[in-house]
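Work through the exercises below with the sequence and the 3D view side by side. Try each task before you read its solution.

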Amino acid sequence: MLNLIHQNPMYRGFRMKQKGPQINHLSFADDVIIFTSTDRHSMKIIMNTLKEYEHTSDQLINKEKSHFMIPSNTSQNIIDSIQEVIGFSKKDSPITYLGCPLYIDRQRIIYYSHLVEKVSKKICGWQGKILSFGGKITLIKHALQSMPIHTMSAISPPNTTIKYIESIIADFFWRRDQGKRKYHWASMKTMSLPYAEGGLGIKRLTDICTALQYKQWWNFRARTSLWGQFLKAKYCQRPNPVAKKIHTGKGALAYYTTNISSLNNATIAHFLINGKWNERKLRQRVPPPLIPHIPKAPNSSTNRVKDTTIRSFEIGKFSVLHWEICDTGKISKDQE
């Protein structure tokens, strides 16, 4: 029913890019988020749609648990107008949806205090038990480190929050004696190394968060989803989302890298002439050791397959189920 609202010429919804999907709501089970403008007539259309749903399904919307959220600089007249039309109460940012904080404006450490609280409460329940170091390692790997995974897979918490959780885990491993912190005989970086390299095999949350960020990037570049379509329409309107503009050197995502230029917009067809590889262009853009291997690879012009993201994995999927930690503490393998 909400999907048909855009067909109403009198409806003015949440402004989005014309080339992207026009989204007015997201739903999961009985939780629904509706995006709209502050236009009174548009809000009345939404409320009439919800009333029609109540009449059809015999299910009532709980107004005490329903709220609306707007930017902090919104005038009081607009807030009063919204409350008058929809009858919901105003709730300040952030709100929790599916276990993740949703907020407006900048990211703040306090928005992720629930992660620290969950880990601290779990550890407090184990303090009175006599646990060996082996038992603590098992609890850290399979209980404590799995608690923030859901949030980190959807959104990246601040580094301060991740480091604080790691410090709580380290204190649990080395114990506290009458509230006093005991000496840590090894750093978290050393403990995260594999057994063969003198570590305990405890993965660092910073490395897990980085791997999950790579997972999100892979899904954005290699898969088709509503989330990906929205981001591409809003931030990445050129062929390569990381490419910089030629005259300004700026781009939506180019700020986060130093070795990407407008030349990255090229596709495989750019290196072909009449279905054959152009060796002159290959030498200009490809590292010399790779040039002998490229002519052996099939190209899209022979089988008329559309250019897609280049996959380095045989199954074409990115996995974060397993990775190895090197001496430097960096992720060296992100694929099983």
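**Exercise 1. At roughly what angle do the axes of helix H1 (residues 40-57) and helix H2 (residues 76-86) cross, and within what distance do they come?**

Before you start, note that this is a predicted model, where local features need pLDDT of at least 70, side-chain atom pairs count only at pLDDT 80 or more, and totals for chains, interfaces and linings use all residues. Residues are numbered from 1 along each chain as its sequence is written, and side-chain values use heavy atoms, with hydrogens and water left out.

Solution. 
- Step 1. Recall the description: two packed helices are described by the angle between their axes and the distance between the axes.
- Step 2. Find the helices. Helices (H or I, at least four residues) and strands (E, at least two) are DSSP runs, numbered from the N terminus.
- Step 3. Read off the values. The axes of H1 and H2 cross at roughly 30° and come within 9 Å. Axes are lines fitted to C-alpha atoms, for helices over the stretch in contact, and angles run from 0 to 180 degrees between N-to-C directions.
- Step 4. Classify. H1 is therefore roughly parallel to H2 (angles under 35 degrees count as roughly parallel).

**Exercise 2. Which residues make the contact of H1 with H2?**

Solution. 
- Step 1. Apply the cut-off: contact means heavy atoms within 4.5 Å.
- Step 2. List the H1 side: Arg40, Met43, Lys44 and Met47.
- Step 3. List the H2 side: Ser81, Ile82, Glu84, Val85 and Ile86.
- Step 4. Sort by class. The contact has 5 nonpolar, 1 polar and 3 charged residues. Here Ala, Val, Leu, Ile, Met, Phe, Trp, Tyr, Cys and Pro count as nonpolar, Asp, Glu, Lys and Arg as charged, and the others, Gly among them, as polar.

**Exercise 3. Is Asp58 buried or exposed?**

Solution. 
- Step 1. Locate Asp58. The residue lies in the loop between H1 and strand E3 (67-68).
- Step 2. Phi of Asp58 is near 60°, a positive value in a residue other than glycine.
- Step 3. Set the limits: buried means under 20% relative accessible area, exposed over 50%, partly exposed in between (1.4 Å probe, protein chains only).
- Step 4. Decide. Asp58 has 70% relative accessibility, so Asp58 counts as exposed.
- Step 5. Repeat for Leu98, in the loop between E5 and strand E6 (100-102). Leu98 also is not a glycine and has a positive phi, about 55°. Leu98 counts as partly exposed, because its relative accessibility is 39%.

**Exercise 4. Where is Pro94 found, and which peptide bond is cis?**

Solution. 
- Step 1. Look in the loop between strand E4 (89-90) and strand E5 (95-97): Pro94 is there.
- Step 2. Check omega. The bond from Ser93 to Pro94 is cis, with omega near 5°.
- Step 3. Find a partner. Not counting residues up to four places away in sequence, Tyr103 touches residues including Ser93 and Pro94.
- Step 4. Tyr103 lies in the loop between E6 and helix H3 (113-124). Tyr103 is partly exposed, with a relative accessible area of 22%.

**Exercise 5. Which residues is Thr151 in contact with, leaving aside its neighbours within four places in sequence?**

Solution. 
- Step 1. Locate Thr151: helix H5 (residues 149-154).
- Step 2. Check its cover. Thr151 has a relative accessible area of 3%, so Thr151 is buried.
- Step 3. List the contacts: Gly99, Cys100, Pro101, Tyr112, His114 and Leu115.

Definitions and conventions: Angles under 35 degrees count as roughly parallel, over 145 as roughly antiparallel, 65 to 115 as roughly perpendicular and the rest as oblique.
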